[in-house]
Amino acid sequence: MRFVIDGEETIVEQGGMASIRPTQIHQFWNVSTDRLVALHEIRPPGQHWNMFELIHKLECEGKLNNKGIPSNPLWLGAAWRVMDGYLAGPPRILQTAVLGGLARLADLLKYRV
């Protein structure tokens, strides 16, 4: 499994482990052609599980683009609200203003997991 944690790349082999601290920007994906089974533990869990449930729901409904991002900006805001962190790339203040605004609007319009 490949991880990029705060810009630093790490490959974790079978039986290995990666730790990500709160507020660290990270991405991870399977670099093998084989099926990957990973234990993903979050302490404390916060709302992280809700993010995975929402992304899975949107994927099953065909509401994600080819990069796995919600195509509807309101669903993007709803996902951002429950991810317990920030996205890699855009400055945090911009995410808070734009995605936080979309999250508030999604909440008002009853977008739920």
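# Close-ups of a predicted model

**View 1. His-48 sits in helix α1.** His-48 has a relative accessible area of 12%. The cut-off for buried is under 20%, so His-48 counts as buried. What does His-48 touch, leaving out residues up to four places away in sequence? Its partners are His-40, Ile-42, Val-82, Met-83 and Asp-84. The helix that holds His-48 covers residues 48-60.

**View 2. Zooming out, the protein chain has three helices and three strands.** Reading from the N terminus, the elements go β-β-β-α-α-α. The C-alpha trace spans about 45 × 30 × 25 Å along its principal axes. The chain has 113 residues, and 24% of them count as buried. Take the contacts with a separation of 6 or more: 46% of those are between residues 24 or more positions apart.

**View 3. Helices α1 and α2 pack against each other at an angle of about 155°.** Here α1 is residues 48-60 and α2 is residues 73-81, and their axes are 9 Å apart. Do the two helices run roughly parallel or roughly antiparallel? Anything over 145 degrees falls in the antiparallel class, so α1 and α2 are roughly antiparallel. The crossing of α1 past α2 is left-handed. On the α1 side, the contact uses Met-51, Leu-54, Ile-55, Lys-57 and Leu-58. Facing them from α2 are Trp-75, Ala-78 and Ala-79. Sorted by class, this contact has seven nonpolar residues, one charged residue and no polar ones.

**View 4. Between those helices, Asn-65 sits in the loop that links α1 and α2.** A polar atom of the Asn-65 side chain lies 2.7 Å from the backbone nitrogen of Lys-67. Asn-65 itself is partly exposed, at 34% relative accessibility. At the α1 side of this stretch comes Cys-60, which belongs to helix α1. Is Cys-60 buried or exposed? With 59% relative accessibility, Cys-60 counts as exposed. From Cys-60 to Pro-73 is 13 residues along the chain, and their C-alpha atoms are separated by 18 Å.

**View 5. Helix α2 also crosses α3, at roughly 105°.** The axes of the two come within 7 Å. An angle from 65 to 115 degrees counts as roughly perpendicular, which is why α2 and α3 get that label. The α2 residues in this contact are Pro-73, Leu-74, Leu-76, Gly-77, Ala-78, Trp-80 and Arg-81. From α3 come Gln-95, Thr-96, Leu-99, Gly-100, Leu-102, Ala-103, Leu-105, Ala-106 and Asp-107. The tally for this contact is 10 nonpolar, four polar and two charged residues. Keep an eye on Ala-78: this α2 residue meets α3 and is also listed in the contact with α1.

**View 6. Gln-24 is in the loop between β2 (8-11) and β3 (26-29).** Which backbone nitrogen lies 2.6 Å from a polar atom of the Gln-24 side chain? That nitrogen belongs to Arg-21. Setting aside residues up to four places away in sequence, Gln-24 touches Ile-5, Asp-6 and Ser-19.

**View 7. Asp-6, one of the residues that Gln-24 touches, has a positive phi of about 50°.** Asp-6 is not a glycine. Why point that out? Most residues other than glycine have a negative phi. Asp-6 is placed in the loop between β1 (2-5) and β2. With a relative accessible area of 46%, Asp-6 is partly exposed.

**View 8. Lys-110 also has a positive phi, of about 65°.** Look for Lys-110 in the segment after α3, the helix made of residues 92-108. Is this lysine buried or exposed? Lys-110 counts as exposed, with 60% relative accessibility.

Terms used:
Residues are numbered from 1 along each chain as its sequence is written. This is a predicted model: local features need pLDDT of at least 70, side-chain atom pairs count only at pLDDT 80 or more; totals for chains, interfaces and linings use all residues. Side-chain values use heavy atoms; hydrogens and water are left out. Axes are lines fitted to C-alpha atoms, for helices over the stretch in contact, and angles run from 0 to 180 degrees between N-to-C directions. Helices (H or I, at least four residues) and strands (E, at least two) are DSSP runs, numbered from the N terminus. Angles under 35 degrees count as roughly parallel, over 145 as roughly antiparallel, 65 to 115 as roughly perpendicular and the rest as oblique. A crossing is left-handed if the near helix is turned anticlockwise from the far one by less than a right angle, and right-handed if clockwise. Contact means heavy atoms within 4.5 Å. Ala, Val, Leu, Ile, Met, Phe, Trp, Tyr, Cys and Pro count as nonpolar, Asp, Glu, Lys and Arg as charged, and the others, Gly among them, as polar. A polar contact is a pair of N or O atoms within 3.5 Å; within protein, one must be able to donate a hydrogen and the other to accept it, and residues adjacent in sequence count only if both atoms are side-chain atoms. Buried means under 20% relative accessible area, exposed over 50%, partly exposed in between (1.4 Å probe, protein chains only).
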